[in-house]
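Work through the following exercises with the sequence and the model side by side, and try each task before reading its solution.

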Amino acid sequence: MPEVNKILVSICFSEYCAGTFAYATRLASQLKAELIVANVINIKDVKAISKIESMGYGVSANDYVEGVKEERKAELKKMIAESGFPKEKVSSTFRVGNPVDKLLKLVEKEDVDLVVMGSKGRSDHPRLLAGSVAEKMFRHSPVSVVFYKKK
């Protein structure tokens, strides 16, 4: 079995993410691995805000992105504190773009050994085994992907 020194956990900050994050921290603790927490703000959401902004409404795509990042950073800080996982072994990144593309690039750039994802994302479609991002990551990731499933 290949050595696991670096784990990427992808979280979307939906209702399922706390469990996924907790699972990833337990796994990282057991394997004595570093943990990279990744969140990708979907470019489709940003484009929708930009379209509304172009119609003259008082919204800003840049303000939206910065606001979402700040909210999620605060939530992540709380999750890290509650987990008991050593802060110095956690890094985080927030990106804007196509989630699958950004995550795959991050796996390569950071030399990740394992990816942990929730089996459900924002959509929570009842007939899907895994969210579309998780399913695409499973098919295209150059490293193993572990799905966390809430019992």
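Helices (H or I, at least four residues) and strands (E, at least two) are DSSP runs, numbered from the N terminus. The model is a predicted one, in which local features need pLDDT of at least 70 and side-chain atom pairs count only at pLDDT 80 or more, while totals for chains, interfaces and linings use all residues. Residues are numbered from 1 along each chain as its sequence is written, and side-chain values use heavy atoms, with hydrogens and water left out.

**Exercise 1. Positive phi angles**

Solution. Begin with the background: most residues other than glycine have a negative phi. F13 is not a glycine, yet its phi is positive, at about 65 degrees, and D111, also not a glycine, has a positive phi of about 55 degrees. For the last step a scale is needed, on which buried means under 20% relative accessible area, exposed over 50%, and partly exposed in between (1.4 Å probe, protein chains only).

**Exercise 2. The nonpolar cores**

Identify the residues that touch the most other members of the largest nonpolar core, and name the element that gives the largest share of this core.

Solution. A nonpolar core is a set of buried Ala, Val, Leu, Ile, Met, Phe, Trp, Tyr and Cys residues joined through side-chain atoms within 4.5 Å. The largest such core has 21 residues, and those touching the most other members are I7, V9, I11, F21, L35, V37 and L76. Two or more residues come from each of β1 (6–10), α1 (17–31), β2 (34–42), α3 (61–83), β3 (90–97) and β4 (114–118). The largest share, 5 residues, is given by α1. A second, separate core has 16 residues, among them L8, I36, V115 and M117.

To see one member at work, take V37 and look for contacts (heavy atoms within 4.5 Å). Leaving aside residues up to four places away in sequence, V37 touches V9, I11, F21, L76, V90, S91, S92 and T93.

**Exercise 3. The helix α3**

Compare the span of α3 with the expected value, then list its buried residues and say what covers them.

Solution. The expected span of a helix is 1.5 Å times one less than its number of residues. With 23 residues, α3 reaches 32 Å from its first C-alpha to its last, which is close to the expected 33 Å. Its buried residues are A61, V65, V68, K69, R72, L76, M79 and I80, and the elements that cover them include α1, β2, α2 and β3. E75, by contrast, is a residue of α3 that is partly exposed, because its relative accessible area is 41%.

**Exercise 4. Two salt bridges**

Locate the salt bridges of the structure, and work out why E70 and K73 are separated by about one helical turn.

Solution. A salt bridge is a side-chain nitrogen of Lys or Arg within 4 Å of a carboxyl oxygen of Asp or Glu, and the structure holds 2 of them. One joins the side chains of E70 and K73, at 4.0 Å from N to O. E70 and K73 are 3 residues apart in helix α3, and therefore about one helical turn separates them. Both are partly exposed, since E70 has 47% relative accessibility and K73 has 41%.

In the other salt bridge, the side chains of E135 and R139 meet at 2.5 Å from N to O. E135 and R139 lie 4 residues apart in helix α5, again about one turn of the helix. E135 is partly exposed at 32% relative accessibility, while R139 is exposed at 51%.

The general rule behind both cases is that an α-helix has 3.6 residues a turn, so residues three or four places apart point the same way.
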